[in-house]
Amino acid sequence: MPARSDIDTVLVLGSGPIVIGQACEFDYSGAQACKALRREGYRVVLVNSNPATIMTDPAFADATYVEPLTVEMVSKVIAREAARGERMALLPTLGGQTGLNVAMDLAAADVLERHGVEQIGAGLESIALAEDRRQFAEVMGEIGLEVARCGEARDLATARTLAEQLGFPVLVRSSFTLGGAGSGVADDWETFERLVTEGLDASPIGQVQIDESLLGWKEYELEVMRDHADNCVVVCTIENLDPMGVHTGDSITVAPAMTLSDVEFQRLRNASFAVLRRIGVTTGGSNVQFAVDPATGRVRVVEMNPRVSRSSALASKATGFPIAKIAALLAVGYRLDEIANDITGETLAAFEPSIDYVVTKIPRFNFEKFPEVDGRLTTRMRSVGEVMAIGRTFTESLGKALRSLEDGSVGLVGAADGRSDAELDAALRTPTATRLQAVDAALARGWPTERVAALTGYDPWFCDQLLQIVELRRALRACETLANVDRWLLRRAKRAGFGDQMIARLFGVDEVDVRRRRRELDIHPVFKTVDTCAAEFAATTPYHYSTYEDTTEVAHSDRPRIMILGSGPNRIGQGIEFDYCCVHAVQALSDAGYETIMVNCNPETVSTDYDTADRLYFEPLTVEDVLAVHDAEVAAGGTDIGVMVQFGGQTPLKLAKALAAEGVRILGTAPEAIDRAEDRGRFGELLTDLAIRQPEGGIAATHDDALAVANRIGFPVLLRPSYVLGGRAMAIVYDVDQLRQWLEVNAAEGAVLVDRFLESAVELDVDAVYDGTEVFIGGITEHIEEAGVHSGDSACVLPPFTLGRAQVSVLADQTAMIADALHTRGLINIQFALRDEVTLVLEANPRASRTTPFVSKATGVPLAKLAARVMAGATLAELRAEGLAPPLDMATAPSLPYTAVKEAVLPFNRFPGVDSRLGPEMRSTGEVMGIDEQFGVAFAKSQAGTGAMVLPEKGTVFVSIANRDKRALIFPVKRLADLGFEILATEGTAATLRRSGVAAQVVAKFSERAGGGTTVVDRIEAGDVDLVFNTPRGGIGPRADGYEIRTAAVRHGIPCITTLSGILAAIQGIEALRGGTVGVRSLQEFHAEARRGLDSERPV
Amino acid sequence: MIARPPRAVLVLEDGEMFAGEAFAAAGTATGEVVFNTSLTGYQEVLTDPSYHRQLVAMTAPHQGNYGTSDQDAEATSVQAAGFIVRSASRTYSNWRATGGLPETLAAAGVVGISEVDTRRLARHIRSAGAMRAGISTELVDRDALLEVVRAAPPMAGADLAREVTTSRVYDVDTPDAPFRVVAYDFGIKRSILRLLAAAGCAVRVVPATTAAERVLAWEPDGVFCSNGPGDPAAVTYGSAAIATVLGAEVPLFGICLGHQLLGRALGATTYKLPFGHRGTNQPVRDQVRGTVEISTHNHGFAVDNASLARADRFGAVVVSHVNLNDGVNEGLRCADAPAFSVQYHPEAAPGPHDGRHLFGEFADLMRRCGRGRSTTWPEPGAASPLGVVDMEPGSASPPLDGKRSRGAGT
């Protein structure tokens, strides 16, 4: 049967903001699905609150609603779209757990039925069966499969009884939560009770499951697809290096499975199909996880997800089989044997990919941002990103993956770590982000693989592979100098995934020396192809990876080519927004007739979809690997190969100089100019020359320098190591002691920047494109939080809501001056501070910024596309003539008739006990956008979009305000009281409020708990509080009152606002919500309005 | 410390050479070089008699990871002439394992070469076709080995079933089985015998050249024609025997070479594929039901679809299965005779179990033909030397005859 003709419109749900456990893999899945459905002629309506995604690019759907993924807002979209009179279907399986949860809620609220919307992909019953542990266990029993013994509880007492029956260790899991939030393994009562309490809170239905622990069992995931004719295929089998007990998102995983015999694999394959059939997944992709006892081969079904997932994105990248695209086509009626295999072009999707390489995925953690957190890995996922690498062998793919991580390591170098044997023993037993290095250390010490395998639960086969790395390293070291290493040994090391940097480290030489020696010995990488079929059929899609083999497969080309370097693994400070920029650059260049080449190592992204660039190289972003791609492309014909390093964040920028030194042509702003902008001293001189003001400050090489600078400019000062992204280690210090303390901890990182901290200044971001003669102001964004909160964690507004026309002109002029002085060609982002009518420049980045996608979504102008074209040589005038750039920009056009608000989404619920107070160190993982005619509504939408900061329309507000903020807050709080909110306050705040006629109920501080009264924390715990306003008064860390309030609020999912300006915005939002109905409109409609302004006559 | 292993080379008939390292038996081996894309099941592949006189390259890079198990052998010893891999595991890890791959091959005297750019090899075979080749650990000079390769017999026209068939008649003891089936052993795999037994067949295995009259004299309920190596056109005695069985209207089921021989008996022709199908991910469409099975393939020859349409010696013939990738014939069904066969391997091993229902369909066919009354053979055959009645290798129950099996590498 071909595509269904009884559906006109497909409503696709995205997954919302990037959070831990749900990242840009759903942008990849959703974007694929939208493309496929539109190609089939369906009208696609998309709802996703995340502006950094490619899928919310207005070109990907017919109507794109950037609205919160709540049942309320999605219902409005459905009502609005249903009014068109078309037959509509809802496809919820591409938006992660969020998509499924919203679908369940919509059905429960009868919204689907009321509007005649059919749910496709997975039915409600299937979702419920897969989610409910008890029912799931029951139906698995019916088909002869075992699950871990388990039970569920809605209170601690029941949970305790279950744990007594099962015996420790037990696994505690929170029901209906994504990425395993509120889950963990307990082997004592204290841990158990803590996990149960957290799990009950995290669960939207207040339920936890208690499972028998399968610690030490091997873990596998099968990615399975099924069509409506009951044809089933396994796309990929993934083996976890870490055994059961570590969340699969936090595990190192390998594809295909390495240690399963055919007999065992077929048993899992049969079981996975039986699971899909029983759960009732009639069409689409699912993943089924199994635990296998290494001693007996006993199998338990761990769980199944009736939707695309992080693993399905990985499997798609690992095999070339686009699961999300195929799932979308199956949902609208196709069968697997009616869908073409894009890669071969001649075969069909009804087959199982065979791969002739090994894929390794390694998670990327950001524990350094949350130093108070225990780094032990558990069943609660906490990694923020991942890398994937492809090699012909496990060791090769592992080596490539390790150098893709960008965590400062160059691979397994067996560094002497000074650990005692007992410490090493413990490190092997405990799953952490660095356990692999501990294994390396143990094997280097000569510990037998059996012992290492027993301690870690790694399969002995993997331990032997790791031992081979240790042996090769030993053989290299035995040569003493690089010149003594013969061709066989060096090639063997390269074949085992040793990077040039890693080899250089072994001999204490430079990477360049290794490269030279390698070339002397005629050892060069070749590129093979990911083709789904292990070379059985010719591949037409150039999706390549490097390896050390005989022959290469890169096709000849005479066309002008441009390489775009991606942004590597997602991490806090560098995420999906840079992928959006890379993808836009690819699209613009491709439209302009260039052949595009993408290099990246992040499997979650749209940029690494083989469908994005003309040629995809799934490679680490290191000098060695990028040069290899460049050399291969040069060898493939033509010499006109340019490289763009400005779209992928810091990752490609760090390579620019070394690449240029090797003769690579860097397009756009020169690496030297980027360097000049990043170098505080040189950039300061540039500003001085331009007579543009900047905060007083200086660079300090020593402690004494730093003290001197601080004393000269006066406290408070903002401190940061130079060359950082995401505000790593940034801090504001108020006195000499705090300064000294900070230097003790962070001095090792090199030069330190000391700047005057501008209290209560307004921060602004300007994103612009400069072509050498004229500037295009793409957007001016005003931060809601004052300077001092990292721009990535701050809510921000476009157009700027407190700026006048004259101030906008000043910002535009200064932007043009700086862009010109830096010889910018392409994007530039400048951060300004505005204080007492004076504009100061905080920093300039002549490259794509974190705000680029938000600005483009808000205004409809594709800034990254303009920039890519300018970097390739076009002028803005030419782009205007083409229609790609509008006649006016955000400085010259009339102000937008609507407001867009971007809000940061913070991962505090994953890190219990971490202070949620905002500061100069960025900690947000994602962002959402609210857009509306009114600022208040837009702000309220942005808060609702975060899922955690949903503003209440009524209830109780707890107010605890620092003295400096009290005056400013009296009237806003009074407004809330007038709206009918109960006001709860600490003694001091209550007194102030009472004097102004605001009735406030007094509640004891946490520090007054000894007095026996009910404290605010008790009230929060009891669920009596709906909103918390807490502006910190200095106390940081456990035991401070503010800390206790904030962490209690996070624990209970209550919005907690910690800045004055944030509180003011929230009150406007609440007023707007109370003011009447909140409407929805598509981005396409907003952009049409914006465009009317941008297309108006240029003022003389 | 890492010592450089002894060299080995692979040279193809057209002069293409691949350098590698020796990892199994030393020596020189020649045969037809083919590639298999299965991600699992190297032991089942190596012990499948259909790979007789072939040098098998696995496209999956790591081989030997989970060792070998006495329970997983498809015949008493390694059948392939040589093994070509990217990486041969020096250790193995699996609870079912009883040995390692390099040792198993070495014990069987089979030459292995590792560290080969097997993707380059697969691509070469894909464009140049399957051809003769040689692996050697002693003749590492290309021209010397090439001379040996070119002197080896070609695959086309080779009657290899004779070389792998059983030398004597034996019975697979299946208590209370309702059907008595004679299986022609052209190179039969143990998994087939297991699945026939599971479908209720007491199986009597006979040498490939057994006259049909002798078989019919036992009054079997059905006749099964097995897989096997070589060119079906050379196995004239096989198709002749099948024609006799068809004439007697005894239900017949064939797999692989058995399928090709049935096709030839019906009047169809067979031809050599450029490089064949070998793997466990091949999509086959059941033309009657319209569903797709993912199946195991191992064939270098195929029945010509067009010739099947014209084949009329025993009435009309229906093309029951085709390969979705390239339209190659994968099965046939006689409209007017109780016979059907498939080119692919419903017994899998290695590979997906999607086609296992065909064994049940064979039982149904026999039942529909009113067969299945007596459960004992008129004259007893020898006892099975295989011990193959363990239904699910690796299941919790121990193999009935596992210890006596002369499994590879024990």
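Two residues are taken to be in contact if their C-beta atoms, placed from the backbone, lie within 7 Å. By this criterion, 52 residues of chain A are in contact with 47 residues of chain B. The structure is a predicted model, in which local features need pLDDT of at least 70 and side-chain atom pairs count only at pLDDT 80 or more, while totals for chains, interfaces and linings use all residues. Residues are numbered from 1 along each chain as its sequence is written, and chains are lettered from A and ligands numbered from 1 in the order in which they are written.

On the side of chain A that touches chain B, the elements giving two or more residues are α9 (262-279) and α16 (460-478) of chain A, where helices (H or I, at least four residues) and strands (E, at least two) are DSSP runs numbered from the N terminus. The largest share of this side, eight residues, comes from α16(A). Its residues divide into 25 nonpolar, eleven polar and 16 charged, with Ala, Val, Leu, Ile, Met, Phe, Trp, Tyr, Cys and Pro counted as nonpolar, Asp, Glu, Lys and Arg as charged, and the others, Gly among them, as polar. The model as a whole scores ipTM 0.94 and pTM 0.93.

Within chain A, the domain assignment, whose bounds come from an automatic or database source, gives domain 1 (9-122), domain 2 (149-213), domain 3 (361-391 + 393-520), domain 4 (549-667) and domain 5 (758-949). The centres of domain 3 of chain A and domain 4 of chain A, taken over C-alpha atoms, are separated by 26 Å, and 20 residues of domain 3 of chain A are in contact with 16 residues of domain 4 of chain A. On the side of domain 3 that touches domain 4, at least two residues each are supplied by β15 (358-364), β16 (385-391), α12 (394-404) and α18 (500-507) of chain A. The largest share of that side, six residues, comes from β16(A), and its residues divide into six nonpolar, five polar and nine charged.

Not counting residues up to four places away in sequence, Ile84(B) touches several residues, including Leu10(B), Val56(B), Ile113(B) and Ile135(B).

Chain B comprises eleven helices and 20 strands, and its C-alpha trace spans about 70 × 45 × 35 Å along its principal axes. Buried residues make up 61% of the 410 residues in chain B.

The mean pLDDT, the predictor's confidence in each residue on a scale from 0 to 100, is 91 for chain A, with 97% of its residues reaching 70 or more. Over residues 1035-1039 of chain A the pLDDT is below 50. Chain B averages a pLDDT of 92, and 93% of its residues score at least 70, whereas pLDDT stays under 50 over residues 388-410 of chain B. Where pLDDT is low, the predicted coordinates should not be read in detail.

Note on methods: Buried ≥ 20, exposed ≤ 12 C-beta atoms within 10 Å, placed from the backbone.
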